[in-house]
Amino acid sequence: GAMMSLYEPDGTSIDLQRDTHDLIQRLQQQNKSMRETKAGTLTRIDGIESILTTLTSKSPFQGQTEKDLLLTAPRPQGLFYIVFIAPESDDGEAQHAFEQMIQSIRFAR
């Protein structure tokens, strides 16, 4: 699955690195089992510098772990983000679907 939203940081301007870090901390406060397993890597989504970060957390399904892929991108309104969520056991299949979804993202100009 996927969840998308807009994170509105405290500062007046968006700083991709800082605000992604702050968002991860907020997500971890909401989900105490969430851990960053791969540091954010810079990428471009629809021509806009973005960050992809890999996280893991306990799955709601008994005895499973979920893999969460966090995509962040600066927008005039705040930090746009999507969390792609899949059971770790389905990671291979989910990764392909997540990549297709990421490639389809288009921002209003």
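Start by selecting Arg-18 and Asp-19: their side chains meet in a salt bridge, 2.9 Å from N to O. The cut-off here is a side-chain nitrogen of Lys or Arg within 4 Å of a carboxyl oxygen of Asp or Glu, and by that rule the count comes to one salt bridge.

Before you click on, some housekeeping. This is a predicted model, so local features need pLDDT of at least 70 and side-chain atom pairs count only at pLDDT 80 or more, while totals for chains, interfaces and linings use all residues. Numbering runs from 1 along each chain as its sequence is written, and side-chain values use heavy atoms, with hydrogens and water left out.

Stay on the bridge and colour by accessibility. Asp-19 counts as buried because its relative accessibility is 0%, while Arg-18, at 38%, counts as partly exposed. (Buried is under 20% relative accessible area, exposed over 50%, partly exposed in between, with a 1.4 Å probe and protein chains only.) Asp-19 sits in helix α1, residues 16–30; helices are DSSP runs of H or I with at least four residues, strands are E runs of at least two, and both are numbered from the N terminus.

Now show what surrounds Asp-19. Setting aside residues up to four places away in sequence, Asp-19 touches Tyr-7, Pro-9, Ser-13, Ile-14 and Leu-79, where contact means heavy atoms within 4.5 Å.

Next, the largest nonpolar core: 15 residues, with Leu-71, Phe-84, Ile-102 and Phe-107 having the most contacts inside it. The elements giving it two or more residues are β3 (48–58), β4 (65–75), β5 (78–87) and α2 (91–103). The largest share, four residues, comes from β5. (A core is a set of buried Ala, Val, Leu, Ile, Met, Phe, Trp, Tyr and Cys residues joined through side-chain atoms within 4.5 Å.) Click Ile-102 and, beyond its neighbours within four places in sequence, you'll find contacts to Ile-45, Leu-52, Leu-69, Leu-71 and Phe-84. A second, separate core has twelve residues, including Leu-23 and Leu-79.

Last stop: how many aromatic pairs are there? The count is two, with ring centres within 6.5 Å; planes under 30 degrees apart are stacked, over 60 edge-to-face, the rest tilted. Phe-80 and Phe-107 are edge-to-face, because their planes are at 85 degrees, with centres 5.4 Å apart. Phe-80 is in strand β5 and Phe-107 in the segment after α2, 27 residues apart. Phe-84 and Phe-98 are tilted, at 5.0 Å centre to centre and 35 degrees between the planes. Both Phe-84 and Phe-98 are buried.

Notes. Phe/Tyr/Trp six-rings, centres within 6.5 Å; stacked < 30°, edge-to-face > 60°.
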